[in-house]
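Here's a quick briefing to read with the sequence and the 3D view side by side. Take a moment to find your way around, then work through the points below.

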Amino acid sequence: MARENLTRYLWIIDTIRAYGSISREEMSRLWERSALSNGRPMARRTFYNDRASIESIFGITIQCNSATYEYYIESTNEHQTNAMNWLLNSASIGNVISGTQEIGHKIFLEEAPSSHENLPIIVEALKQNCPVTFTYQSYSRINPSRDNQLEPYFLKFFKQRWYITGRNVKSNTLRTYALERMSEITMVNAPFNVPEDFNAEDYIRHSYGIIFDEGSVKNVAIRTDSRQAKYLRSVPLHHSQRETLHDSYSVFYYQLKITPDFLQELLSYGPKITVLNPPELRAMIITSLQESLNNYKDFPEAKMPHDQ
């Protein structure tokens, strides 16, 4: 896809979202005045072609009100809106970064495991409801497991990694796999049906990360100082997050499963948070912190090896 086309798609989407509804003529005038147009208006055919491309690429439908001849973005549910916003933000950032070669030495990005080679085939399998076979290198095993077959149900992006969840055909259980640890992926041309009683949003609703099948839902309460509370307000830990304000601290409440990835997230905040409830989560935090302290008692400071 040409970079100028992507730039125009994003401009059209952002403009319609900003105005709510807008005529093609007004959009053309705004485009002509923008720094992206080189002073040229947007041709009618270009706009109509872009509408089709935007729907194909982003899944965003631009409708026309036959009474006012104004264009608007067809409303979607909350999950679709969140996915659309994520795609737009990612595309916008990528579009900006791609044109900054001359200041590349001034831009630092977080390194993440590569899964871009596997993502297209997984997405295609999701579209066609087809299984995939693959080899998988688990962190808990020395040798990779081969000839895995999965009926993919949904993708999730978490902590800079893509994960695919679906039914492992051999074990007949729901399993989650990290895309960067999958290899030799092949799509099987034998469409399957996702069970009618399975709903992906319900399945992940009470999970923090990518562990969905452990534990029961608990009412969790954590206390934070006023500064840390600002971070949690801007980027909530979970969609169930609620807050009560106090003079010098806040208490955040959640309804979710106590899973290893959630426990690890809480531990990463150190003394900035205190778990108030439930008692078993408090005990898990205390035990983990005590084990960490014991490590410093059992293993004295070691000298660093000299560079060769």
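What follows covers the chain as a whole, one of its sheets, and some of its salt bridges. Keep in mind that this is a predicted model. The protein chain has 308 residues, and 34% of them count as buried. Its secondary structure comes to nine helices and 12 strands.

**The chain overall**

- The protein chain exposes about 20,100 Å², and carbon and sulfur atoms supply 50% of that area.
- Take the contacts between residues at least 6 apart in sequence: 57% of them join residues at least 24 apart.

**A four-stranded sheet**

- Look for an open sheet of four strands, lined up as S10-S11-S9-S12, with antiparallel pairing.
- S10 (242-245) and S12 (273-277) sit at the edges with a single partner strand each, so one side of each has no neighbour in the sheet.
- Going from one strand to the next, the twist averages 25°.
- S9 (residues 217-225) pairs with S12 over four bridges, in the antiparallel sense; Arg-223 has Thr-274 in S12 as its bridge partner.
- Helix H7 (residues 226-234) packs on this sheet and touches S9, S10, S11 (249-257) and S12. The direction of H7 makes about 130° with that of S9.

**Salt bridges**

- Side chains of opposite charge can pair when their charged atoms come close. The structure holds 11 salt bridges.
- One of them joins Asp-50 and Arg-8, whose closest N and O atoms are 2.5 Å apart. This pair links distant parts of the chain, 42 residues apart: Asp-50 lies in helix H3 (residues 44-58) and Arg-8 in helix H1 (residues 3-19).
- Are these two buried or exposed? Asp-50 has 2% relative accessibility and Arg-8 has 15%; buried means under 20%, so both count as buried.
- Arg-167 and Glu-151 also meet in a salt bridge, at 3.0 Å from N to O. Arg-167 is in strand S6 (residues 161-168) and Glu-151 is in strand S5 (residues 145-158), 16 residues apart.
- In that pair, Arg-167 is partly exposed at 21%, whereas Glu-151 is buried at 11%.
- Lys-218 bridges to Glu-280, with 3.2 Å between the closest N and O atoms.
- Lys-218 counts as partly exposed at 28% relative accessibility, and so does Glu-280 at 33%.

Definitions and conventions. Residues numbered from 1 in each chain as written. Predicted model: local features only at pLDDT ≥ 70, side-chain atom pairs only at ≥ 80, totals over all residues. Heavy atoms only, no water. Pairing = 2+ DSSP bridges. Helix = DSSP H or I, 4+ residues; strand = E, 2+ residues; numbered from the N terminus. Axes fitted to C-alpha atoms, helices over the stretch in contact; angles between N-to-C directions. Contact = heavy atoms within 4.5 Å. Buried < 20%, exposed > 50% of the residue type's maximum accessible area, 1.4 Å probe, protein only. Areas by Shrake-Rupley, 256 points an atom, 1.4 Å probe, with all protein chains shown as cover. Salt bridge = Lys/Arg side-chain N within 4 Å of Asp/Glu carboxyl O.
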